[in-house]
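Subject: Structure for your review

Dear colleague,

Please find below the structure that I am handing over to you. My findings follow directly after it.

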Amino acid sequence: MKKPIKKPVKKEIKPKKVNKPVKTETKKESAGAEKSKRTFNLLRGMHDILPKEERYWKAMFHASENLASYFQFGRIETPVLEEASLFVRAVGKGTDVVDKEMYLFEDRDGSKVCMRPENTAAIVRAYIMYGMWNAPQPVKLWYWGSMFRHDRPQAGRYRQFTQVGYETLGSHDPAADAELILVAYNFYQELGLPVTIHINSLGTPEERVRYKSELVNYYRSKRSYLCEDCKQRLVKNPLRLLDCKAEQCQGVKDEAPQIIDWLGTESKSHLTKVLEYLDAVEVPYQLTHTLVRGLDYYTHTVFEIYPDTPDAGGGAQSALGGGGRYDLLVEEMGGRPTPACGFALGLERSFHVLKQYLEQNGKDIPKERPDVFFAQLGEEARKVTLKLINDLRKSGLKIGFNFFKNSLKTQLELADGFKVPYVLIIGQKEVQDNTVIIRDMESGIQEIVDQKKLETMLKKKLGKV
RNA sequence: GUGUCCAUGGUAUAACGGUUAUUACGUCGGUUUGUGGUACCGACAACCCGGGUUCGACUCCCGGUGGACACCCCA
């Protein structure tokens, strides 16, 4: 409140430059307008992706796109907004994702809609809606988009976050599971980030139910040793008991029955086959019997991807992505019985860990640099330059320039900042002669060439023939 | 949802219950108007918001908002 009043006064006392009073006036005006002075914050848990981070995002997008094309996944984009019950049904009532974290609201016509908290449900919806079972099976789809969960923000966790995901619908073959895991693994290989896959099997619902009751029995007998959270989990979400990080629960956890012992021969052999495929493609994995997943729809294979870097974020948050098989979901959602599996990667997390990893190892994703910089003096030269730059657009050369600077000195400074090997200069003289100066930034040697020969000259000099 | 810590120019920071709030980087401009990587000069730009205590608050207190981290949970 005080600032707007103070400032103008201060400036009026010592009048200096011509444009000062003008500025004072605008300040006064905006102060008078009161609320117009307010600036805006981001909503909690939201974030911007700025140009300086773009190369990481681009790398991630390219990796996922190339893998999708190589492994023949078709891109699908579903809406951010869906009928709320879609996710309630698919993800499951009682899960935190549905009960506590959904962006849920009434649309203007009173219908309940929500912003997608994940994308598998929508993929299944689309599979059924468009009768994709009529296409050759399995149907392989991938997506890239924003998801929304109203959770408390934390390292690598946002309320709006980006996931890339791959889903294979219509195959119960363990090769489908393995292929997905391979894609996930390759994604990080492409980025140069070492990761390990943690894998487990949840078996069939029947096997899981039997195991769960066994687990509950076991934990009940040890109830007095458990932390408060685990006492809650015992009634609310028993499988999560295995995920507890509390010191006091570790002993109990280590002795706990393992689901693998409760799997039938078919489930076991499914898991074994997946592992055999992983061995064949040399994907490093770790059989983790404590791995359970939060969403209700998983059956058989479940897996998560963890960075190999030791201090890459906290405990649970270090999972970069995860997924698994959901053989019953399509039918539950009203489709024909269709086995399926898929996974999603958290891109903000991946970005975070990747950047940190690269920095720690003195590496980086190279910034995009122009090959040459075009400097221009005067209006006529500017026109010619613009024409030449446009002509060179298809040459494959990247040309840096800044038309809004007039002094050659400034333009050379810019060029220097880009570390370009050559600068092209056009002034009055060159406009008249239809020439252009090529300046070697290292040696300072300059030569004058005909504008018509510019492209071939440049390509030659840059070794891009 | 719970807990801990935090909030000064674009970024990173210093200081202070009281007349002009540091410094560096940055951005813009200049050192005879057509030549960079150095140097010098100048300019720009900040106390998150609201309330309280006080003669007086950027500084103390409360609330809000936002941030960081952990838990719950999840990507």
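In this predicted model, helix α3 passes helix α7 in a right-handed crossing. Helix α3 covers residues 54-70 and helix α7 covers residues 174-191; their axes lie 9 Å apart, and the two helices pack at an angle of about 140°. The pair is therefore oblique. On the α3 side, the contact is formed by Ala 59, Met 60, Ala 63, Ser 64 and Leu 67. On the α7 side, Val 183, Asn 186, Phe 187, Glu 190 and Leu 191 take part. By class, the residues of this contact comprise 7 nonpolar, 2 polar and 1 charged.

Helix α3 also meets helix α13, which spans residues 347-360. The axes of α3 and α13 come within 11 Å and cross at roughly 115°, and α3 passes α13 in a right-handed crossing. Here α3 contributes Tyr 56, Trp 57 and Met 60, while α13 contributes Leu 347, Ser 350, Phe 351, Leu 354 and Lys 355. This contact of α3 with α13 is made up of 6 nonpolar residues, 1 polar and 1 charged. Met 60 of α3 takes part in the contact with α7 and in the contact with α13.

I turn next to the chain as a whole. Chain A contains 17 helices and 16 strands. According to the domain assignment, domain 1 covers 3-37, domain 2 covers 51-203 + 263-360, and domain 3 covers 372-462. The C-alpha centres of domain 2 and domain 3 are 48 Å apart. The C-alpha trace of chain A extends over about 90 × 65 × 50 Å along its principal axes. Its radius of gyration is 30 Å, whereas a compact globule of 465 residues would have one near 23 Å.

As background, most peptide bonds are trans, and most residues other than glycine have a negative phi. The bond between Gln 137 and Pro 138 is a cis peptide bond, with omega at about -5°. Pro 138 belongs to the loop between α6 (120-129) and β5 (139-148). Glu 282, although not a glycine, has a positive phi of about 60°. This residue is located in the loop between α11 (265-280) and β8 (285-287).

With kind regards

Key. Residues numbered from 1 in each chain as written. Chains lettered and ligands numbered in written order. Predicted model: local features only at pLDDT ≥ 70, side-chain atom pairs only at ≥ 80, totals over all residues. Axes fitted to C-alpha atoms, helices over the stretch in contact; angles between N-to-C directions. Helix = DSSP H or I, 4+ residues; strand = E, 2+ residues; numbered from the N terminus. Parallel < 35°, antiparallel > 145°, perpendicular 65-115°, else oblique. Left-handed = near helix turned anticlockwise from the far one by under 90°. Contact = placed C-beta atoms within 7 Å. Nonpolar A, V, L, I, M, F, W, Y, C, P; charged D, E, K, R; others polar. Domains from an automatic or database assignment. Rg over C-alpha atoms; globule rule 2.2 N^0.38 Å.
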